[in-house]
Amino acid sequence: MWMPVPSSPCFTLPHFRNTPISNASPQSSPVLFLRADTPKPPPQKENTVQALLKPLASLAIFCFAFAPNAALPQEKDSAQVAASHSETALTIYNQNFFVAREKIPLDLESGVNQITFNGATSHLEPNSVILRDPSGRALQILEQSYRNDPISQELLLSLYEGKTLNFLIDRNGKEETVTGKVIRSGYVPTSAYYGQQTGYPQPGASQPIIEVEGILRFGLPGQPLFPALTEDSILKPTLSWLLRTDHPGKSDAELSYVSGGMSWQADYNLVISDSKKGSEVSSKDLGGQQTNLIDLVGWITMRNQSGKSFENARIKLMAGDVNKIQPNEVRNRMYAAAKSIAMEADAMAPVVTEKAFDEFHLYTLERPATLRDEETKQVEFVRSTGLTAQRLYVYDGAEIAQYGYYSPEQARDDTNYGTVSNSKIWVMQEFKNSEANHLGIPLPKGRLRFYRRDTDGHLEFVGENSIDHTPKDETIRVYTGNSFDLHGERKRTNFHLDSTAHWMEETFEIKVRNHKKEAANIRVVEHLYRWNNWRIKEKSTDWTKKDAQTIEFPVTVAPDGEQVVTYTVHYSW
């Protein structure tokens with residue numbers, strides 16, 4: 001056998017390169033599934049030539065490993081880039097979307113470059129993507145692609161429809177393989193789950209059909225054993241670009257985009273205690289209502305369901321009713337105000353701060369935080385003690401919810417309308433969001449949970465409700481439940497209708513009883529729902545007009561006492 005004489009101490013090895021995964025037919029590709037109990041082939045006897053070449057091959061490998069230029073040349077088809085965690089910023093909206101800004105390193109050559117970024121989210125809006133070089137280098141984006149079909153068993157099975165696969169089964173405790181032909185994979189694209197699929201859904205399309213030994217069956221006979229992945233398979237949602245530039249070199253580009261899958265809300269915990277004698281605000285100052293002192297702690301709760309984790313991100317929270325086109329209307333549209341937020345780069349404040357931004361309010365977290373995928377994180381953002389609040393009792397005795405579909409004429413003509421009584425008396429908490437009341441900051445919408453400390457020192461939950469976005473110096477009033485020891489009763493005692501003369505009169509009697517050990521101030525609310533032209537002819541108690549068709553009778557009920565309110569209203573049309 002003729003062998004060339006090497007020109008160096010080591011043999012010259014053949015040229016190696018990383019080759020992409022073959023696009024060959026799955027039937028001819030090597031199977032990647034390995035069995036631990038696979039029998040080894042019997043050893044073969046070496047011939048004379050193999051015995052002579054074996055030490056020379058070992059010498060060649062040794063020389064190659066220690067050669068100064070031993071790196072294997074690779075073909076540079078696409079550059080993979082990753083985000084810099086230290087430069088990540090998020091602005092989260094309480095409408096299940098957010099704006100992300102990340103820095104990604106680019107090393108570009110003159111001409112056209114293919115860049116791939118596999119750190120995209122699962123709910124990214126492709127039309128919102130902005131890629132720019134802060135240094136001012138011109139980047140011409142020839143193409144941009146977003147793929148959200150990471151490889152899965154179902155997706156890979158769809159690539160083998162019409163072909164034969166091996167399936168691993170457990171038969172009597174032993175692993176065996178059976179061969180089956182994939183008739184239908186049952187793969188449903190991700191877009192179908194988020195309303196992006198056009199046309200009509202196909203019933204039963206998610207059920208795979210496999211032919212085994214000439215018999216069709218629904219479902220997989222076992223674990224499918226796949227050959228190699230296809231060349232264009234991805235493991236994560238991926239953004240890719242074709243970029244052209246005349247200025248080669250390295251730089252950190254800024255990537256901004258809008259994505260769904262992240263939201264935040266405010267949660268407020270309020271601990272109520274009875275006001276003590278000598279407090280700055282007395283019950284007389286508050287119209288005779290029972291006063292409480294409240295300690296308030298506000299938490300920001302952030303939820304990340306974007307399909308991506310963000311490490312050490314600077315986080316801002318946008319509070320307000322931002323107009324956003326919803327997925328069931330039009331997907332993947334750019335929101336201009338969110339885009340401007342993504343381009344902003346304010347420095348982090350030393351504490352959680354609030355500021356007005358456009359027509360909304362921004363809350364900036366105290367320090368960078370990590371938000372992992374499928375994680376819920378809470379941060380305290382407000383704490384206040386000594387808030388003065390009132391406990392209100394309201395009796396709205398007319399049970400008219402079942403008449404919600406009535407027109408004004410139907411409410412006027414139905415003689416039984418509004419005669420059903422509701423006996424529950426509401427408990428409400430009211431306080432002013434002002435600096436004088438130890439608060440005075442814009443409060444984002446969220447849930448208020450009220451607690452009261454028992455005589456043993458334990459906190460007991462006494463009700464909750466939610467508030468909308470509340471500016472400073474506004475009054476917050478929330479319903480927290482029904483009183484156990486207060487009871488209401490309402491009935492109509494007189495009714496007269498003259499359809500010819502176009503008028504109506506009716507009289508009501510309302511009783512409120514107090515089974516407490518202390519007096520209770522109750523607001524009796526009446527809705528003059530028959531018609532918008534009305535006047536009170538007779539009354540037992542003074543009343544105040546709250547709106548065009550609502551009046552209120554304030555009464556004080558002694559312990560174990562009862563108060564009766566009567567009035568007659570005259571309608572004309």
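**Close-up views of a predicted model**

View 1. Beyond its neighbours within four places in sequence, arginine 490 is in contact with Tyr395, Gly397, Ala398, Gly418, Ser421, Phe508, Glu509, Ile510, Glu526, Tyr529 and Tyr567, where contact means heavy atoms within 4.5 Å. This is a predicted model, in which local features need pLDDT of at least 70 and side-chain atom pairs count only at pLDDT 80 or more, while totals for chains, interfaces and linings use all residues. Residues are numbered from 1 along each chain as its sequence is written, and side-chain values use heavy atoms, with hydrogens and water left out. Arginine 490 counts as buried because its relative accessibility is 4%; buried means under 20% relative accessible area, exposed over 50%, and partly exposed in between (1.4 Å probe, protein chains only). Its side chain makes a polar contact of 3.3 Å with the side chain of tyrosine 529. A polar contact is a pair of N or O atoms within 3.5 Å; within protein, one must be able to donate a hydrogen and the other to accept it, and residues adjacent in sequence count only if both atoms are side-chain atoms.

**View 2. The open sheet E25-E26-E31-E28.** Four strands form this sheet, and their pairing is antiparallel. E25 and strand E28 (534-539) are at the edges with a single partner strand each, so one side of each has no neighbour in the sheet. From one strand to the next, the twist averages 20 degrees; axes are lines fitted to C-alpha atoms, for helices over the stretch in contact, and angles run from 0 to 180 degrees between N-to-C directions. Helices (H or I, at least four residues) and strands (E, at least two) are DSSP runs numbered from the N terminus, and two strands pair if DSSP finds at least two bridges between them.

**View 3. Strand E26 and its two partners, E25 and E31.** Nine of the twelve residues of E26 (residues 503-514) are buried. Strand E25 (residues 486-498) runs antiparallel to E26 and is joined to it by twelve bridges; here histidine 496 stands opposite glutamate 505. The hairpin of E25 and E26 has four residues between the strands, and in it histidine 502 takes a positive phi near 60 degrees. Twelve bridges also join E26 to strand E31 (residues 561-572), again antiparallel. In E31, valine 569 is the bridge partner of glutamate 506, and threonine 568 is that of threonine 507.

**View 4. Strand E22 between E14 and E23.** Strand E14 (residues 262-274) pairs with E22 (residues 446-453) in the parallel sense over seven bridges, with valine 271 opposite tyrosine 451. The pairing of E22 with strand E23 (residues 459-467) is antiparallel and has eight bridges; leucine 448 stands opposite asparagine 465 there. Five residues lie between E22 and E23 in their hairpin, and glycine 457 in the turn has a positive phi of about 90 degrees.

**View 5. The largest nonpolar core, of 52 residues.** A nonpolar core is a set of buried Ala, Val, Leu, Ile, Met, Phe, Trp, Tyr and Cys residues joined through side-chain atoms within 4.5 Å. Leu90, Ile92, Trp241, Tyr268, Met302 and Ile315 touch the most other members of this core. E14 supplies its largest share, six residues. Not counting residues up to four places away in sequence, isoleucine 92 touches Phe97, Phe98, Met262, Ser263, Trp264, Met302, Ile315, Lys316, Leu317, Met318 and Leu371. Another core, of 29 residues, lies apart from it and includes Ile425, Met504, Val512 and Tyr571.

View 6. Most residues other than glycine have a negative phi. With a relative accessible area of 77%, glutamate 213 is exposed.

**View 7. The chain as context for the close-ups.** The chain has five helices and 31 strands, and buried residues make up 38% of its 573 residues. Of the contacts with a separation of 6 or more, 75% are between residues 24 or more positions apart.
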